[in-house]
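Here is a short briefing on a two-part topic: folds within the chains and the contact between them. Keep the structure open while reading.

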Amino acid sequence: MPEVDRSRTVVPFPRAAVAPEPVSAPRLGDVDAWGRSERVRAVARTLYDPIYRHWFRAEWEGLDKIPAEGGALLVANHAAAIPSDAPVIMHGIETELGRPVYGLADYLFKALPVVGTLWARAGGVPAHPDNAYRLLRQDGQLVLVFPEGTKGSGKLFRDRYQLRRFGRGGFVEIAMRAGVPIVPIAVVGAEESMPTLWKSPTVAKLTGLPYFPITANMLLFGPILGAVAYFPAKFTLRVLDPIHLDVAPDQERYSRSRIIDVAEGVRISLQEALLGMLSERASVWRG
Amino acid sequence: MAGLTVGRRVLITGLGTFWGGRVAQALENDPAVDLIVGLDTTTPAVKLERTEYVRADQSYSILSRIVKATQVDTILHTSLAVDSTRMSGRALHETNVIGTMNLVAAAGAPDSPVRQLVVKSSTLVYGASHRDPAWFREDMARTSPAKTRVERSLLEVESYLQDFADESPDVTVAILRFANVLGTDIVTPITKALSLPMVPAIFGFDPLLQFVEEDDVVRSLEFAMRERLAGIYNVAGDGRLPWSEVAGVLGKRVVALPPFSPGMLLGPLARLGVLELPDEVAALLRFGRGVDNTRLTQAGFAYRYTTSGAVESFSKGHRLRRVVPPTRPEYAYQRDVEAFFRHSPAVVRPTS
């Protein structure tokens, strides 16, 4: 029971008699209420920029379609055994537009020591609907989500660029509730940066991971280096037209069928954009 | 005070605790409060002018007799135990669950004079897990089952109180869920950890924590009573701080405990009396916790401290105590002395 500890009582502490001004001490660090730190982010940007520019040679189309202010839900296709698309999208938008991006990820991240903390400092947020809503509605931030989730990054190389199911359309409901547009982003290149050749359901079950991949990178570079070394596939990112959902925000509930319709619409337009981009791509490595 | 014509008669459970004692002190200055009766197993630790202290057993079985005898209209239930290092699991159950059952029985008796109940609960009811949302609202359920005794007992207590509130429309029941308290006086597992030369942390984790300052604790209990709040309210300062930054404010380094099976190290450390981190605190140092405090601010409560303000306040008290060594308690409760001041005809009391 919290109480005054009588064994080491208490130097009489000077107390103000009447309500003073609210007390808010200056901060030492710059970690925000979501765990993101601009300083960590700046270091990560410096380290990651050569990879972004010279390894993946990321190229954007239609970056101006991402709103310059206010909340927006960025929705992208998901790929690579250890996803390489999230860092590219977040880095690209932060350097080109100067806006922070919060990336929603499986809460599994948060349970991992070191990785979870670094992920949070770099702008990662556990994918809880309420987190997304607050970031979009109250903080007016850009939030990146992969509706395919681990089904997208866990698919085999032969299924590349074939979008998985978009969950139950939870992302559409969040955008409706928060009153923000959905901005789809089609990413080409991530699939080839770390292709999954084979998956071991047994090891996945034993380790509690959503999937356990054997990637081409692992075969080539060994299990340790292969887990971090991506192939230098050329990244092309196309921002599609924002989808404004003409519904009132903060409603108790939204039409299920409308949610499914919009989610399916986003999925189809992303799939079509991907097919279009692939038909224009001459080489995996040179674009 | 506002809108009250007849003086209030208040019963405080847990008068010997930090919370109970400080709230009683605050109420003594309120002319709208006619009578303050305090119950606890231990004597009050703070100096009280007109509060009547009654010794109770752990489960407050005497409560219904006291309610009937004193005809109190308000009960402040501040005796719920949230620090599992201070008592055994069985004692915790006795204090929290059985104590609250006796309280509900007393307040819900057919001819009960009680019209208001304010309960001090804890954000421990939300637990701490990697599945949690960043900010818990009052209506959100915890994401992992409660495994520790203290969390289970608090959940049980809250469900009793909810049932009681549903069955008794003429009694307003407010449940305040407090975040971890920091301040100049209070001692909890967290403040003990922060008082060590190096602050223990779990390797690879730097959780975001939210604190409430002890003054805001007392003020919010008073506020809930005065404004006759009903329902559940989170009480926590604005914002969250990483654990490493809290240590930094105190000018300390963190020392990392192994992230896997920390019990192997924590067990011996607890036995040596160096550091006691019960499971619910260890989970907090892994995943942190945040609660949405807007419901209480929308009801009109103004916090005096943000989370960083609370840390600063704790840090000041901590620094002062390091220089000016702990002194003997300046106050010790003595029954005959207190009885003399309250009831002897020799004492000249101000007539008003």
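A residue is buried if 20 or more other C-beta atoms lie within 10 Å of its own, exposed if 12 or fewer, and partly exposed in between, with C-beta atoms placed from the backbone. By that count A:Val114 is exposed, because 12 other C-beta atoms lie within 10 Å. This is a predicted model: local features need pLDDT of at least 70, side-chain atom pairs count only at pLDDT 80 or more, and totals for chains, interfaces and linings use all residues. Residues are numbered from 1 along each chain as its sequence is written, while chains are lettered from A and ligands numbered from 1 in the order in which they are written.

**Chain A overall**

- Chain A holds 10 helices and 10 strands. Helices (H or I, at least four residues) and strands (E, at least two) are DSSP runs, numbered from the N terminus.
- Of its 287 residues, 41% count as buried.
- The C-alpha atoms of chain A fill a box of roughly 75 × 50 × 35 Å along the principal axes.
- Two residues are in contact if their C-beta atoms, placed from the backbone, lie within 7 Å. In chain A, 74% of the contacts with a separation of 6 or more join residues 24 or more positions apart.

**The sheet of chain A**

- Seven strands of chain A form an open sheet in the order S2-S10-S7-S3-S6-S4-S5, with mixed pairing. Two strands pair if DSSP finds at least two bridges between them.
- The edges are strand S2 (59-61) and strand S5 (124-126) of chain A, each pairing on one side only.
- Neighbouring strands of this sheet are turned by 25° against each other on average, direction ignored. Axes are lines fitted to C-alpha atoms, for helices over the stretch in contact, and angles run from 0 to 180 degrees between N-to-C directions.
- S2(A) pairs with strand S10 (residues 236-239) of chain A in the parallel sense, over three bridges. A:Trp60 has A:Leu237 of S10(A) as its bridge partner.
- Helix H2 (residues 85-97) of chain A packs on the sheet and touches S2, S3, S4, S6, S7 and S10 of chain A. The direction of H2(A) makes about 165° with that of S4(A).
- Helix H6 (residues 170-178) of chain A also packs on the sheet, touching S3, S6 and S7 of chain A. Its direction makes about 165° with that of S3(A).

**Where chain A meets chain B**

- The contact takes 33 residues from chain A and 49 residues from chain B.
- On the side of chain A, strand S1 (3-4) and helix H4 (129-138) are the elements that give two or more residues. H4(A) gives the largest share, three residues.
- By class, this side of chain A has 18 nonpolar, seven polar and eight charged residues. Ala, Val, Leu, Ile, Met, Phe, Trp, Tyr, Cys and Pro count as nonpolar, Asp, Glu, Lys and Arg as charged, and the others, Gly among them, as polar.

**Helix pairs in chain B**

- The axes of helix H3 (residues 89-107) and helix H4 (residues 149-167) of chain B come within 9 Å and cross at roughly 5°. H3(B) is therefore roughly parallel to H4(B).
- Angles under 35 degrees count as roughly parallel, over 145 as roughly antiparallel, 65 to 115 as roughly perpendicular and the rest as oblique.
- The residues of the H3(B) and H4(B) contact divide into 10 nonpolar, five polar and two charged.
- The axes of helix H1 (residues 18-28) of chain B and H6(B) come within 9 Å and cross at roughly 60°, so H1(B) is oblique to H6(B).
- The contact of H1(B) with H6(B) has seven nonpolar, no polar and two charged residues.

**Strand S4 of chain B**

- Both faces of strand S4 (residues 74-77) of chain B are covered. B:Thr74 and B:Leu76 on one side and B:Ile75 and B:His77 on the other are all buried.
- Strand S1 (residues 8-13) of chain B pairs with S4(B) in the parallel sense over four bridges. B:Thr13 has B:His77 as its bridge partner.
- S4(B) and strand S5 (residues 116-122) of chain B also pair in the parallel sense over four bridges. B:Thr74 stands opposite B:Gln116 of S5(B).

**Positive phi**

- Most residues other than glycine have a negative phi.
- A:Val114 has phi near 65°. A:Val114 is in the loop between strand S4 (101-105) and helix H3 (115-121) of chain A.
- B:Arg228 has phi near 50°. B:Arg228 lies in the loop between helix H6 (214-226) and strand S12 (231-235) of chain B.
- B:Arg228 is partly exposed, because 14 other C-beta atoms lie within 10 Å.
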